[in-house]
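Welcome! Please take a moment to look over the sequence and the fold shown here, and then we will walk through some of the details together.

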Amino acid sequence: MYSDSPQIMDALADWIEFVVEQHPPVVVQSKYDHQLHLHVQQDNCRDTFTMVSPARFQQTRYIMGVPDEESFRANITHQQLYTIENKELGTILEELASAIALQRYRFFVDRQQEQEEAGKNHNLRHSLARIVTDICRGYSKVVSGMMRMEGNTTTTTATTFHTTNKSVFQQCIPGPGCLELLSKCASHPSVVIRSIVLPIVTPVLASEIGLATQWLPILQRGAIIPHRYSHHHDDTDNKNKIPSLLASDSCHVEFQDFIEQYRETVLADALLACFTSHPEYYLASCTAAVEEFCTGETSSEQTSFHLEAALYCLGVVAEEASLGMTSSSQSSTEAASPDRTTSNDTHNNSICRFL
C-alpha cells in the first residue's frame, strides 16, 4: 500500500477488485435455508439470492476438518457461513480503509502544482483511485448485507459493524480519510481518475446536503472542457496563444471521450445528485457564475470555457428544475390562499432571473 511502484499498486488494485467482486451479494433469510439458493417473495416477484457457492461451502468444511458433510450441514448453515465471511471481509476492509486514507497525502493540495505533476505519477494515482473506490464498494456491500440480515433474522451474529440507523454516507464510505482521498481524486486533472470515483460518491451527494455544497465547486470545475494553448507559428514573441481542444498531458482523454464517457454520464449524475440535495444552492451558485463571467471587465478564451461549463451545469438540471416549477405552479393554483409559498419558490425565482 505504501509502495511507489506503479506496477505494485496496480496489482494491489486488481487483487482488491477481485476480492470485492467475488463477495456474495446481499442475502435474505427464508425457510429455504437448506438450499444453495434462497427465495424470497418481494413485491409479488420471486427473487433469487445466492448465499455461498457449493465449492466455498465444501472448502470451509475441509478447513474446519469435518469429514462428514451431513453433520457439517446440520451445524453450519449457509446463512452462518455468509455472516462469517461478511464479518471477515468487513474487518479486512476497515484495515485497508485506514491504510488507503493515509495515501491522500500523495496528492498535492495546490491545484497548479497538481496540474504540473499530474502527468508524472498518473499511473500511481490511478491505482489509488481504483483501490479507494473498490474499498468503498466492498464496504457498502458488507454493511448492506448486515442490514438485510439484521432485518430478516431473529438472531443476529455479533459483528464489529453496528448497522442500525446508518446514514447513506456511513453505508458507502468508511471514514473521513477515504472521503478526503475521494475528493482529491475528483479534483485531479485526469478525467480518467475522476470517472473512477464519482459513481461511489454520487449516492451520498443526493442525501447529504453539507457534502453536496462542498463538492459542487469540484464538479463545476470538472465540467470545464479540457484544452491546451498553442502558439501561432508566426508569433515570435509568443504573446498570442490559441486554444485547442486536443487532450492535454494531464487530461488523458480526447474531447469526444470527455463528453460521452464523462461529462454526459458520471458527471451529469453527480451534478443531478447535488441539485436533488440542495436545489436552491445549486442554482444560485451556477447563475452567479454565469453572471460573473458575462459581466466581467476582462474576457479571454479561458472565460469562454468557464462560461460554457456553468451553462452546462444549468442545462443538466433544466428538466428537473422545470418539473419542479410545474409542480410548484400546480400546488399554488390548488392552494386556498393566493399568498401560499412553496419549497421551490427560491430556485424558481433564480431560474426566471437567469432566463
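## Before we start

A residue is called buried when its relative accessible area is under 20%, exposed when that value is over 50%, and partly exposed in between. Keep in mind as you read that this is a predicted model.

## A pair within helix H6

Is aspartate 134 buried or exposed? Its relative accessibility is 6%, so aspartate 134 counts as buried. Arginine 137, at 37% relative accessibility, counts as partly exposed.

The side chains of aspartate 134 and arginine 137 meet in a salt bridge, with 2.7 Å from N to O. Both residues belong to helix H6, where they sit three residues apart, about one turn of the helix. An α-helix has 3.6 residues a turn, so residues three or four places apart point the same way.

Across the structure, the count of salt bridges comes to eight. One of them joins the side chains of aspartate 10 and arginine 130, at 2.9 Å from N to O. This pair links distant parts of the chain: aspartate 10 is in helix H1 (residues 6-22) and arginine 130 in helix H6 (residues 122-152), 120 residues apart. Aspartate 10 is partly exposed, with a relative accessible area of 31%, while arginine 130 counts as buried at 13% relative accessibility.

Arginine 130 also forms a salt bridge with glutamate 17, and here the closest N and O atoms are 2.9 Å apart. Because arginine 130 lies in helix H6 and glutamate 17 in helix H1, the pair ties together parts that are 113 residues apart in sequence. Glutamate 17 counts as partly exposed, at 28% relative accessibility. Which residues make up the network of salt bridges that includes Arg130? Asp10, Asp14, Glu17 and Arg130 are linked in it.

## Aromatic pairs

How many aromatic pairs does a search of the whole structure find? The search finds two. Phenylalanine 258 and tyrosine 262 form a tilted pair, 5.5 Å centre to centre and with 45° between the planes. Both lie in helix H11 (residues 255-277), four residues apart, about one turn of the helix, and both are buried.

Phenylalanine 275 and tyrosine 282 form an edge-to-face pair, with 5.7 Å centre to centre and 80° between the planes. Phenylalanine 275 has a relative accessible area of 7% and is therefore buried. Tyrosine 282 is buried too, with a relative accessible area of 0%.

Helix H12 (residues 279-295) has 17 residues and reaches 24 Å from its first C-alpha to its last, close to the 24 Å expected at 1.5 Å a residue.

## The loop between H4 and H5

Next comes the loop between helix H4 (78-101) and helix H5 (111-117), where leucine 102 lies. Leucine 102 counts as partly exposed, at 44% relative accessibility. Together, Tyr2, Leu102 and Tyr105 make a nonpolar surface patch of about 380 Å².

The loop between H4 and H5 also holds arginine 106. With a relative accessible area of 18%, arginine 106 is buried. Buried here means under 20%.

What separates the C-alpha atoms of arginine 106 and lysine 184? The separation is 9.7 Å, for residues that are 78 residues apart along the chain.

Lys184 is one of the buried residues of H8. Helix H8 (residues 176-186) is mostly covered, with nine of its 11 residues buried.

Technical notes:
Residues are numbered from 1 along each chain as its sequence is written. This is a predicted model: local features need pLDDT of at least 70, side-chain atom pairs count only at pLDDT 80 or more; totals for chains, interfaces and linings use all residues. Side-chain values use heavy atoms; hydrogens and water are left out. Helices (H or I, at least four residues) and strands (E, at least two) are DSSP runs, numbered from the N terminus. The expected span of a helix is 1.5 Å times one less than its number of residues. Patches are made of residues with over 30% relative accessible area and no salt bridge: like charges are joined within 9 Å, nonpolar side chains (Val, Leu, Ile, Met, Phe, Trp, Tyr) within 5 Å. Accessible areas come from the Shrake-Rupley method with a 1.4 Å probe; for residues, only the protein chains shown count as cover. A salt bridge is a side-chain nitrogen of Lys or Arg within 4 Å of a carboxyl oxygen of Asp or Glu. Buried means under 20% relative accessible area, exposed over 50%, partly exposed in between (1.4 Å probe, protein chains only). Rings of Phe, Tyr and Trp (its six-membered ring) pair if their centres lie within 6.5 Å; planes under 30 degrees apart count as stacked, over 60 as edge-to-face and the rest as tilted.
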